[in-house]
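Good morning, and thank you for coming. Please look at the sequence and the structure on the screen while I go through the main points.

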Amino acid sequence: MIPLLLLLAIGGLMQAARSFSLTAGTGATELAFGFLLLTAYFTARLVNQLGLPRLTGYLLAGVVAGPFVLDLVTQEMAASLGIVNGVATCILGLTAGAELNLRRIRPVMSTLRALIVIAVLGGIAVLAAVLYLLRPMLPMFSAFSTTEAVAVCAVLAVALTPQSPAVVMALLSETGADGPLSQLVLAAVVVADLVVVLCYAIAAASAGAVVGDGVDILEIIGSVGWELAGSVGFGIAAGMLIGLFLRSIERGASLFALLICVVVAQIGVRVHLDPLIVMLTAGIWLENFSRADASKLLEGFESAQLPVFLVWFALSGARLDLPLLREAIIPVLILATARAAWFAIGGRIACALTAAPPAVARYGWIGLVPQAGLSLALAVVIQTNFPRFGGAAAVLILSMLAVNLVVAPVAFRAALIRSGEAGQKQANDFAPNAAVHD
Amino acid sequence: MSCSNRTRDLTRWIGCALVLAWTSSAGAAPFTPPIPPQLLHAAPRAATLDTWVAIKAIGGLLALLSLAYLGGNRRVVRFQERLGVHGVITAGFPFVALGLFASWPAIGILSPDVITGLRPVLHFGLGWLGFLIGAQLDIRVLDRVPTGTAYLILVEALGPFGITAAACGAVMLGFGQSWDDPDVWRDVILLGTAAAMTAPRKFRGFANRTWREGRGADVLLGQLDELVGVIGLLFLTAYFRDTTSSTWTLPSTAWVFVSLGLGVAIGALIFAMVRVPRSNAEFLAVVLGAIAFASGLAGYLHLSPIVICFLAGVLVTNFPNDQRADVFRILHHLERPVQLLFLIIAGAVWQPEDWRGWVLVPLFVAGRAAGKYTGIVASKTAVGALLPAGFTERRRLITPLSGLSIALVVSMGATTGDPGLSWVVTAVIGGAMVTALLIRDDAPAPPPPVVVPIDELDEPGAAPGGAPR
């Protein structure tokens, strides 16, 4: 009851302030920041009482307050908070990477490989086939021949496949989950993102050759190759740097790592590196190859995850374009169902072939369903690289992302709780484990 | 690592994260998305800014912010104390100079675009300062101040206010300004208000200023002077406001009540909100969000974030609650980085090239000293016998200028957006520097033994932080 009253009071103040000026003037950025932080937090409290993940509350707060519903946070305000998003992505990447202990994954490495090949790569094939069948419902295909349509379907299928390390990290943190399922899912979504980037290079180059949309194949291969290899290289360098700091100075390591995140978020994109891959690699290096104790860094970062999650997901919610989703709802629902269904089938096949632990076999595939950052990035790249169908493709990708972002976290949280891994992580003073016990 | 250490690190780096995020976004190119607005955050791939310029700007900012962080480190503070320049440095002037240096066109770190993008940080910093100062004003403690203190404060504030305002106003008229111009009145009142505020002799930030029985008179006077400054700012933002960009048409007096009402409403809201969190991370999120929201609301309505957050802070502290100490802990740990970053930005927005501002500096310093002398004489005569030892007979003519004075003029500049305020900013920053140097020259005499400590740092075992004990 109290969170609801507080939400109404905060919303009322925001509405009153917004009536003061028709444009976002002085104070708009911190107003939007504070408003999203508070509303996401209190909405999560409410939603949690209904048995839903807090993450759903963060998203819901963003959707309701955002430009497509109440318009309390305008598009201009959301855009001004873009940098918060970038830095948060890097922090999430570094944390996810540093959580990934390859020694602990080794027993289920064969399952991981099978998941990537069967569920993820197989998922691309399945989505491409479904897209091809859905052509009559998607006007963008009307101008393409059969060969061209196949190439476009391949590009779109790659963009619709990615997982979300951010969502997985947020839910692992919220539920305090630890165990084979948590470790495997985290590893799978990280590796799957890398695989998808590679697949995109191949699919985009092929589509460029077939569709001939003014696309320079070599340029695409070169840029994606640089983005992937360069990001991994820079990530290792960043990991070594943070490791050196941790070993030699120790104190203030969190701040130092944060500075690296800011640099990567701001400069990385300007030299065409993927900040998520850079910081994921840095985290993996720290945890698995550096002599530094990554747990010290994690301890500091764990403390600040909540504000980061609040703003990152609330902003993601604010950007969900509901009118756009309504227009494309039928093909999007078909595609989302096909994607989830294939992950379920493929995941179970992969687990059966590799004799995976029961919890992994039963719930592992659910962790592959959430979708967020990489799909969004690919939507932008497709729109830039393929002007003929990029606009319509972006609408489809965004709508699909909206569905998965809203539905999948609920399922994955339930899976973590049912698997018995929720609450297994050693409690930390700052870790918000309350969600499980609320 | 202990819980308190972790909390300190956590809050420090979260604060720096906010600042870094905004500062670096200010150095970034405007996004040029060829795509729907919802994809804006992914659009940096299409950014057109010259990479080297971006790298230079962000690298420079990171260097500045690292310095700001280091400035808050206890070891660095102890080193400054050993050098004997602690008073000057802790007042933060090197960081003002850094901001000024970084804003030179030849350096190109804090360019006009970057400074524009820094406004959210400025507003957040101002709101944070206001909240911290307000949260330390425990009204119940004020019931126990010695008899005659109110008179002492009044005359010691009115003296510097009147003389400084009159002297600077006369010079401004000599420079060709007109009495009929409301901005002249605004500037004169602002200068007087800034001059009226004093800080304890040894400044150790804003988070250790709560007066209680047994603490020095300068702590009490400094705290109450700041209250005078906030009230002055409340009226200035109400009566001298830009009404062109608003859909609300209200008389000036109504804006005083809007400010008061907003401050009280937000205070009550924060009071209710801080009772909800169950962990430190949640508490941090709520406090950060609340201050950002309050300062954003104030900025959006063209009111001062200092005033609104001050009122909120007073309410949160003075309503009975169990979270008071936790609020102080968060505020205290973020204090130094926020203050120093604020000073860097204040330096960056400062335009010292107008010589007329420098002409006001000696007048500002002399006006304060003369006003203080008048106030001391008047208070000694009228209420000297009523006050305990140390309250009147050991008063100094040259007292440090409160850090809030600089925040006050910067806040006014940020609220009104008037470039004409550069005179006032120069007078106050320059006056604060000269005062700090004069006090340093005045400092070497060892303090005589006194029964009642004059300053909080004279107390053996004085704990940092403003948490009530």
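I begin with helix α19 of chain A, residues 373–385, in what is a predicted model. The helix has 13 residues, and at 1.5 Å a residue these should span 18 Å. Among the buried residues of α19(A) are Gly373(A), Leu374(A), Leu376(A), Leu378(A), Val380(A), Val381(A) and Ile382(A). Ser375(A), Gln383(A) and Asn385(A) are buried in this helix as well.

I turn next to helix α17 of chain A, residues 329–354. Here 26 residues should span 38 Å at 1.5 Å a residue, and the end C-alpha atoms are 37 Å apart, which agrees. The buried residues of α17(A) include Val332(A), Leu335(A), Trp342(A) and Phe343(A). Gly346(A), Gly347(A) and Cys351(A) also belong to the buried set.

What covers these buried residues? The cover includes α7 (109–133), α8 (146–160), α16 (322–327), α18 (358–363) and α20 (390–419), which belong to chain A. Following α17(A) comes Ala355(A), and the phi of Ala355(A) is positive, near 50 degrees.

Arg339(A) is placed in helix α17 of chain A. Is Arg339(A) buried or exposed? A residue counts as buried when 20 or more other C-beta atoms lie within 10 Å of its own. Arg339(A) has 24 other C-beta atoms within 10 Å and is therefore buried. Leaving aside neighbours within four places in sequence, Arg339(A) is in contact with Gly123(A), Leu127(A) and Leu160(A). Thr161(A) is 178 residues away from Arg339(A) in sequence, yet their C-alpha atoms are 7.6 Å apart in space.

Let me now step back to chain A as a whole. This chain has 21 helices and 0 strands. Of its 438 residues, 63% count as buried. If we take contacts between residues at least 6 apart in sequence, 82% of them join residues at least 24 apart. The C-alpha trace spans about 55 × 55 × 40 Å along its principal axes. How does the radius of gyration of chain A compare with that of a compact globule? For 438 residues, a compact globule would have a radius near 22 Å, and chain A has 21 Å, which agrees.

Chain A is divided into two parts: domain 1, covering 2–80, and domain 2, covering 83–433. Their centres, taken over C-alpha atoms, are separated by 26 Å. The contact between them takes 23 residues from domain 1 of chain A and 25 residues from domain 2 of chain A. On the domain 1 side, α2 (28–49) and α3 (54–65) of chain A each supply at least two residues. The largest share of that side comes from α3(A), with 10 residues. By type, the residues on the domain 1 side divide into 19 nonpolar, 3 polar and 1 charged.

How confident is the predictor in chain A? The mean pLDDT of chain A is 83, and 93% of its residues reach 70 or more. Over residues 427–438 of chain A, however, pLDDT stays under 50; the model has 33 contacts for this stretch beyond four places in sequence.

I come finally to chain B. Chain B has 18 helices and 0 strands. Of its 469 residues, 56% count as buried. Among contacts in chain B with a separation of 6 or more, residues 24 or more positions apart account for 83%.

The confidence in chain B averages a pLDDT of 72, and 63% of the residues score at least 70. Where in chain B is confidence lowest, and where is it highest? Helix α1 of chain B, residues 3–27, has the lowest mean, at 46, whereas helix α12 of chain B, residues 252–273, has the highest, at 92. The pLDDT is below 50 over residues 6–49 of chain B, a stretch with 129 contacts in the model beyond near neighbours in sequence. Residues 441–469 of chain B also stay under 50, and the model has 51 contacts for them beyond four places in sequence. For the model, the scores are ipTM 0.79 and pTM 0.77.

Definitions and conventions: Residues are numbered from 1 along each chain as its sequence is written. Chains are lettered from A and ligands numbered from 1 in the order in which they are written. This is a predicted model: local features need pLDDT of at least 70, side-chain atom pairs count only at pLDDT 80 or more; totals for chains, interfaces and linings use all residues. pLDDT is the predictor's confidence in each residue, from 0 to 100. Helices (H or I, at least four residues) and strands (E, at least two) are DSSP runs, numbered from the N terminus. Two residues are in contact if their C-beta atoms, placed from the backbone, lie within 7 Å. The expected span of a helix is 1.5 Å times one less than its number of residues. A residue is buried if 20 or more other C-beta atoms lie within 10 Å of its own, exposed if 12 or fewer, and partly exposed in between; C-beta atoms are placed from the backbone. Domain bounds come from an automatic or database domain assignment. Ala, Val, Leu, Ile, Met, Phe, Trp, Tyr, Cys and Pro count as nonpolar, Asp, Glu, Lys and Arg as charged, and the others, Gly among them, as polar. The radius of gyration is taken over C-alpha atoms; the globule rule is 2.2 Å times the number of residues to the power 0.38.
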